[in-house]
Amino acid sequence: MAKEIYQQAVDAINAAILARDLAALHRRIALPLLVTTNTSQLIITTIEELDLILCDYHAQLRKTGVTQYRRTCLKAAFQPHDPDMIVGVHRSEIMANAHYVVAPFLCHVAFMKIGGLWKAVWEQAAVDERDLQMLNPEMVRKQKQVYAALAQRRAVCRSPG
């Protein structure tokens, strides 16, 4: 049952991305959403940020000529501590005319049942941002600056004296 729910949820997200359907994506993504790749991470906290990410990602897929985007659930399980949470892994295949745009990669996603819908709350994609830009680079850069400044302030607060 968890595997079927997970597959339906990633299929709905995939369809929203390919169609650039912001409203459909809003129904399947919970905010804040943590998204990580091999080379970057981003916490998406607002609808405006989510829309920017979707539009950028959709534009990149179009620019690279994507004709197929498949996500196949490999495994998924309800979490013992929370029956309204499913964590799983799927294989992503992004192709243009039967050739991979990027080598197939694995993604781990956590879904929570919120308001009767299974919504993504966390995603970790085993892909390099240089190969497939999933996250808006300017947003990632700004967040890194904010976190670096916070870490520096924290270090100053902890220093003796």
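Student: Is Thr 72 buried, partly exposed or exposed?

Tutor: Thr 72 counts as partly exposed, because its relative accessibility is 36%, where buried means under 20% relative accessible area, exposed over 50%, and partly exposed in between, computed with a 1.4 Å probe on protein chains only. Before going on, keep in mind that this is a predicted model, in which local features need pLDDT of at least 70 and side-chain atom pairs count only at pLDDT 80 or more, while totals for chains, interfaces and linings use all residues. Residues are numbered from 1 along each chain as its sequence is written, and side-chain values use heavy atoms, with hydrogens and water left out.

Student: Where does Thr 72 lie, and which residues does Thr 72 touch?

Tutor: Thr 72 is placed in strand β3; strands (E, at least two residues) and helices (H or I, at least four) are DSSP runs, numbered from the N terminus. Leaving aside residues up to four places away in sequence, Thr 72 touches Gln 7, Val 89, His 90 and Arg 91, a contact being heavy atoms within 4.5 Å. The C-alpha atoms of Thr 72 and Cys 107 are separated by 9.9 Å, although the two residues are 35 apart along the chain.

Student: How should I read the sheet, and in what order do its strands stand?

Tutor: Strands of a sheet pair through backbone hydrogen bonds, either parallel or antiparallel. Here two strands count as paired if DSSP finds at least two bridges between them, and the result is an open sheet of six strands with mixed pairing, in the order β2-β1-β6-β5-β4-β3. Strands β2 (41-44) and β3 stand at the edges, each with a single partner strand, so one side of each is left without a neighbour in the sheet. From one strand to the next the twist averages 20°, with axes taken as lines fitted to C-alpha atoms, for helices over the stretch in contact, and angles running from 0 to 180 degrees between N-to-C directions.

Student: Which strands run parallel, and which run antiparallel?

Tutor: As a parallel case, β1 (residues 29-36) is joined to β6 (residues 117-125) by four bridges, and Leu 34 stands opposite Trp 122 in β6. As an antiparallel case, β3 and β4 are joined by 11 bridges, with Ile 86 in β4 as the bridge partner of Phe 78. These two strands, β3 and β4, form a hairpin with two residues between them.

Student: What does helix α1 lie across, and which of its residues are buried?

Tutor: Helix α1 (residues 2-19) lies across β1, β3, β4, β5 (99-114) and β6, and runs at about 145° to β3. Its 18 residues reach 26 Å from the first C-alpha to the last, close to the 26 Å expected at 1.5 Å a residue, where the expected span is 1.5 Å times one less than the number of residues. The buried residues of α1 include Ile 5, Tyr 6, Gln 7, Val 10, Ile 13 and Ile 17. Gln 8, which is also placed in α1, counts as exposed at 54% relative accessibility. After α1 comes Arg 20, with a positive phi near 55°.

Student: How many salt bridges does the structure hold, and how are they read?

Tutor: Side chains of opposite charge can pair when their charged atoms come close. By the rule used here, a side-chain nitrogen of Lys or Arg must lie within 4 Å of a carboxyl oxygen of Asp or Glu, and the structure holds two such salt bridges. In one of them, Arg 70 pairs with Glu 93, the closest N and O atoms being 3.4 Å apart. Arg 70 lies in β3 (residues 68-79) and Glu 93 in β4 (residues 82-96), so the pair ties together parts that are 23 residues apart in sequence. Glu 93 also forms a salt bridge with Arg 91, with the closest N and O atoms 3.6 Å apart. Through shared partners, Arg 70, Arg 91 and Glu 93 are joined into one network. Within it, Glu 93 is buried, with a relative accessible area of 9%, whereas Arg 70 is partly exposed at 34% and Arg 91 is partly exposed at 33%.
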